[in-house]
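Thanks for coming, everyone. Please look at the model on the screen while I talk.

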Amino acid sequence: MKTALITGITGQDGSYLAELLLAKGYDVHGVVRRSSTFGTQRIEHIFDRVTLHYGDVTDGGALMRIVGEVDPDEIYNLAAQSHVRVSFDQPAYTADAVAIGTLNVLEAARTVPFCRVYQASSSEQYGNASAEPQNETTPFRPRSPYGCAKVFAHHLAVNYRESYGLHASCGILFNHESPRRGETFVTRKITRAVGRIKHGLQEKLFLGNLDAMRDWGYAGDYVEAMWLMLQQDEPDDYVIATGKAQTVREFCEAAFAAAGMDYRDHVETDPRYYRPAEVDFLLGDALKASRVLGWQPATKPEELVGMMVEADIELARQEYVVAQSR
């Protein structure tokens, strides 16, 4: 039985990855931050099958202790302050969690012989990219504190691979969504609003730049690519994407249409949601992942939208029932 340690196990990706690894027979451990509220909703259904450890990637000593206790075969570093817009408001914390947090993970991994590390890189590293679509050789030009911190973390992983022979692979994942996506991220904000508007719990949805284009895939597909990277004989970097891009406006149109509504009746723009520096277009080229890993996205964009809308309509229905009973 292999042992895996996941930082950020309570997040969207962490929960799907934990499910995948359990299905493959792994002994799964996760790092969770202590807080006044127990934010483990995404993994409650597998709570009795994983082992959780209190810690934080910004605390190098605690992380070293956890890694020493778990002695993992594989570490998946998914922990981050991952909201791009918030990174402009909290740049120091974002840099600490994303950049220094990755450094702490890599240092701890070095103490475990033959340990393999997955580093969660991001399409936001490309920023205003010089080429379309973006692949593993496209230069990074980040446009946010989050993107800058991810570039630092990415290069750290590459450096530890080249300097110490650490089996560290970076997955440059383009936007990936699901019904478990945080409600402040634009796709989930949209589908959450669709459900609430459908049940009369909300009237309007306020968004920022409707013309920004992103390559959106399903998080449940993308965690398989993470696992595949650590099964290779040699570590490397891989873009994970669908190769198809939509505007935020198009995502809105599809999501509202799935519920029998016209987004133009409900969506308005609000300057508060614009970024100080915008990234207009991201489109990934996952040819290398297809060729080397044998990975392909299994979920079509329209299937992803339908899945998220269906889940959020049901969630809003439950809210409506509760509201009516009061």
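**A covered helix and its partner**

In helix α7, the buried residues are Ala219, Asp221, Tyr222, Val223, Ala225, Met226, Trp227, Leu228 and Met229. Buried means under 20% relative accessible area, exposed means over 50%, and partly exposed is in between, with a 1.4 Å probe and protein chains only. Helices (H or I, at least four residues) and strands (E, at least two) are DSSP runs, numbered from the N terminus.

Two quick notes on the source. This is a predicted model, where local features need pLDDT of at least 70 and side-chain atom pairs count only at pLDDT 80 or more, while totals for chains, interfaces and linings use all residues. Residues are numbered from 1 along each chain as its sequence is written, and side-chain values use heavy atoms, leaving out hydrogens and water.

Back to α7. Nine of its 11 residues are buried, so-called mostly covered. How do we describe two packed helices? We give the angle between their axes and the distance between the axes. Helix α1 (residues 12–23) packs against helix α7 (residues 219–229) at about 65°, and the axes are 9 Å apart. Axes here are lines fitted to C-alpha atoms, for helices over the stretch in contact, and angles run from 0 to 180 degrees between N-to-C directions. The crossing of α1 past α7 is right-handed.

Who makes the contact (heavy atoms within 4.5 Å)? From α1 come Gln12, Asp13, Tyr16, Leu17, Leu20 and Leu21. From α7 come Ala219, Gly220, Val223, Glu224, Met226 and Trp227. Eight of these contact residues are nonpolar, two are polar and two are charged. Nonpolar covers Ala, Val, Leu, Ile, Met, Phe, Trp, Tyr, Cys and Pro; charged covers Asp, Glu, Lys and Arg; the others, Gly among them, are polar.

**Rings**

Next, aromatic pairs. Rings of Phe, Tyr and Trp (its six-membered ring) pair if their centres lie within 6.5 Å; planes under 30 degrees apart are stacked, over 60 edge-to-face, and the rest tilted. That rule gives seven aromatic pairs. Take Tyr76 and Tyr118: their ring centres are 6.1 Å apart and their planes are at 40°, so this pair is tilted. Tyr76 is in strand β4 (residues 74–77) and Tyr118 in strand β5 (residues 116–122), so the pair ties together parts 42 residues apart in sequence. Both tyrosines, Tyr76 and Tyr118, are buried. Elsewhere, ring pairs join Tyr126, Phe140 and Phe174 into a cluster.

The test is NZ of Lys or CZ of Arg within 6 Å of the ring centre and within 35 degrees of the ring normal. Arg181 lies over the face of Phe185, 3.9 Å from the ring centre. Lys189 has its charged end over the ring of Tyr273, 3.5 Å from the centre.

**Backbone points**

Now some loops. Where is Pro133? It is in the loop between β5 and α5 (145–164). The peptide bond from Glu132 to Pro133 is cis, with omega near -10°.

Asp71 is not a glycine, yet its phi is positive, near 50°. Asp71 sits in the loop between α2 (60–70) and β4. Its relative accessible area is 49%, so Asp71 is partly exposed.

Phe114 also has a positive phi, about 65°. Phe114 is in the loop between α4 (91–109) and β5. Is Phe114 buried or exposed? Phe114 is exposed, with a relative accessible area of 80%.

Notes: A crossing is left-handed if the near helix is turned anticlockwise from the far one by less than a right angle, and right-handed if clockwise. Contact means heavy atoms within 4.5 Å.
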